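User: I am new to this structure. Could you show me how to read its features, step by step?

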Amino acid sequence: MKCETNVCIVSARQIAIAAMSILRSVCQLRVGVTTPKPCLHPSIFLFSLSLSHNTHTLTSFPRTFRFHPLSLPLSPFVLFMPPKATASYGTGASGAAEGDRPREILVQHLLVKEDDQKLLLYLQQKISSGEDLSDLAVEYSLCPSKEEGGMLGWVRKGQMVPEFEEAAFTAPLNQVVRCKTKFGWHLLQVLSEREESILQDIQPDELHMKIQDPSFLDEAQLIDVREPDEVAKASLPGFTVLPLRQFGSWGPEITTKFDPQKDTYVMCHHGMRSLQVAKWLQSQGFRKVYNLSGGIHAYAVQMLHVMPIFSSPRLVPFSCY
């Protein structure tokens, strides 16, 4: 009877963890909902992200929508689950040669306190004996990424604190290495690498020229992240409307509705919200993402003389928008 009770308790705990993990993923979209569990440590990433367009205060939080380890429910935002790699432990002394083409790496890690040397040594021994870093992160890491098994996703140079970046970009694939930052000791593992994706601004006149080509509308993916009331005032042909405030409904399906290998163009009112979404798309594996510089406001101002060619009467100047 006691055994059955323990099983029930464990099952209930697993269900609660799964529900909280999913809820946290949605809350961390920052669409006006506060995450039920505040971040205990600052993010190792250097940039902040806010999905609200009516505030100038950016909230720092760890990158979201990563991969969950097999011991937790898979996030709906998962692009793919890399197979668990056989890890070895090293110091990170070797790495890619200088002069290599820009690349991105898929990184997972765990964090312990700077003065907890006993735990650090214990974890290194567990890894050397074959334990998986993601499982250890769930149990021991102090970083909020523990909810995703320590997965940080695809990262590029310039996004992380210097000590972590140096260790990550010099670490051999699948080998767990150690580094120290202002947050404490990290054990990190690079699971994969690829050529760096493209994220660029596109000027209104350049986008206008592309839109004139019928094949462009067939081949490119155009996304408008403004809200419905904004789109009702002005729009451009060919854009799929994905309101940023409704991210929770379309975010989980982004890689099924859009092809990450195709050129993707993102637009909003002034180019700020679309830039945030463009960065997120890039982190989700989209290879070429373009943000309309200045948004549809700049397009309307610069292309005012050609606007009559559009059949839609909703493309209007933005003096009152």
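This is a predicted model: local features need pLDDT of at least 70, side-chain atom pairs count only at pLDDT 80 or more; totals for chains, interfaces and linings use all residues.

User: What share of the contacts in the chain, at a separation of 6 or more, comes from residues 24 or more positions apart?

Analyst: The share is 68%. The count takes in contacts with a separation of 6 or more.

User: Now the helix pairs. How are two packed helices described?

Analyst: Two numbers do it: the angle between the axes and the distance between the axes. Take helix 2, residues 117-128, and helix 3, residues 133-140. They pack at an angle of about 150°, and their axes are 10 Å apart. That makes helix 2 roughly antiparallel to helix 3, since angles over 145 degrees count that way. The crossing of the two is right-handed.

User: Which residues of helix 2 and helix 3 meet?

Analyst: From helix 2 come Leu119, Tyr122, Leu123, Lys126 and Ile127. From helix 3 come Leu133, Leu136 and Tyr140. Sorted by class, the contact of helix 2 with helix 3 has seven nonpolar residues, no polar ones and one charged.

User: At what angle do the axes of helix 5 and helix 11 cross?

Analyst: Helix 5 covers residues 204-211, and helix 11 covers residues 295-302. Their axes cross at roughly 80° and come within 9 Å. Helix 5 and helix 11 are therefore roughly perpendicular to each other. The range for that word is 65 to 115 degrees.

User: Which residues make the contact between helix 5 and helix 11?

Analyst: Pro204, Asp205, His208 and Ile211 of helix 5 meet Ala298, Tyr299 and Gln302 of helix 11. The classes are four nonpolar, two polar and one charged.

User: On to single residues. Is Ser141 buried or exposed?

Analyst: Read the relative accessible area; under 20% means buried. Ser141 has 2% relative accessibility, so it counts as buried. Ser141 sits in the loop between helix 3 and strand 3, residues 151-155.

User: Which residues does Ser141 touch, not counting those up to four places away in sequence?

Analyst: Ser141 touches Leu110, Leu111, Leu136 and Lys146. Look at Leu111, which belongs to strand 2, residues 103-112. Leu111 is buried, with a relative accessible area of 3%. Leu111 and Ser141 are 30 residues apart in sequence, but 4.8 Å apart in space, C-alpha to C-alpha. The backbone nitrogen of Leu111 is 3.0 Å from a polar atom of the Ser141 side chain.

User: How many residues apart in sequence are Ser141 and His186?

Analyst: They are 45 residues apart in sequence, and 9.0 Å apart from C-alpha to C-alpha. Asp116 and Trp185 can be read in the same way: 69 residues apart in sequence, 8.6 Å in space, C-alpha to C-alpha. Asp116 lies in the loop between strand 2 and helix 2. At 27% relative accessibility, Asp116 counts as partly exposed.

User: Where is Gln221?

Analyst: Gln221 is in strand 7, residues 221-224. Its relative accessible area is 9%, so Gln221 is buried. The side chains of Gln221 and Thr264 are joined by a polar contact of 2.8 Å.

User: Which residues are in contact with Gln221, leaving aside its neighbours within four places in sequence?

Analyst: Gln221 is in contact with Phe258, Asp259, Lys262, Asp263, Thr264, Tyr265 and Phe286.

Technical notes:
Residues are numbered from 1 along each chain as its sequence is written. Side-chain values use heavy atoms; hydrogens and water are left out. Axes are lines fitted to C-alpha atoms, for helices over the stretch in contact, and angles run from 0 to 180 degrees between N-to-C directions. Helices (H or I, at least four residues) and strands (E, at least two) are DSSP runs, numbered from the N terminus. Angles under 35 degrees count as roughly parallel, over 145 as roughly antiparallel, 65 to 115 as roughly perpendicular and the rest as oblique. A crossing is left-handed if the near helix is turned anticlockwise from the far one by less than a right angle, and right-handed if clockwise. Contact means heavy atoms within 4.5 Å. Ala, Val, Leu, Ile, Met, Phe, Trp, Tyr, Cys and Pro count as nonpolar, Asp, Glu, Lys and Arg as charged, and the others, Gly among them, as polar. Buried means under 20% relative accessible area, exposed over 50%, partly exposed in between (1.4 Å probe, protein chains only). A polar contact is a pair of N or O atoms within 3.5 Å; within protein, one must be able to donate a hydrogen and the other to accept it, and residues adjacent in sequence count only if both atoms are side-chain atoms.
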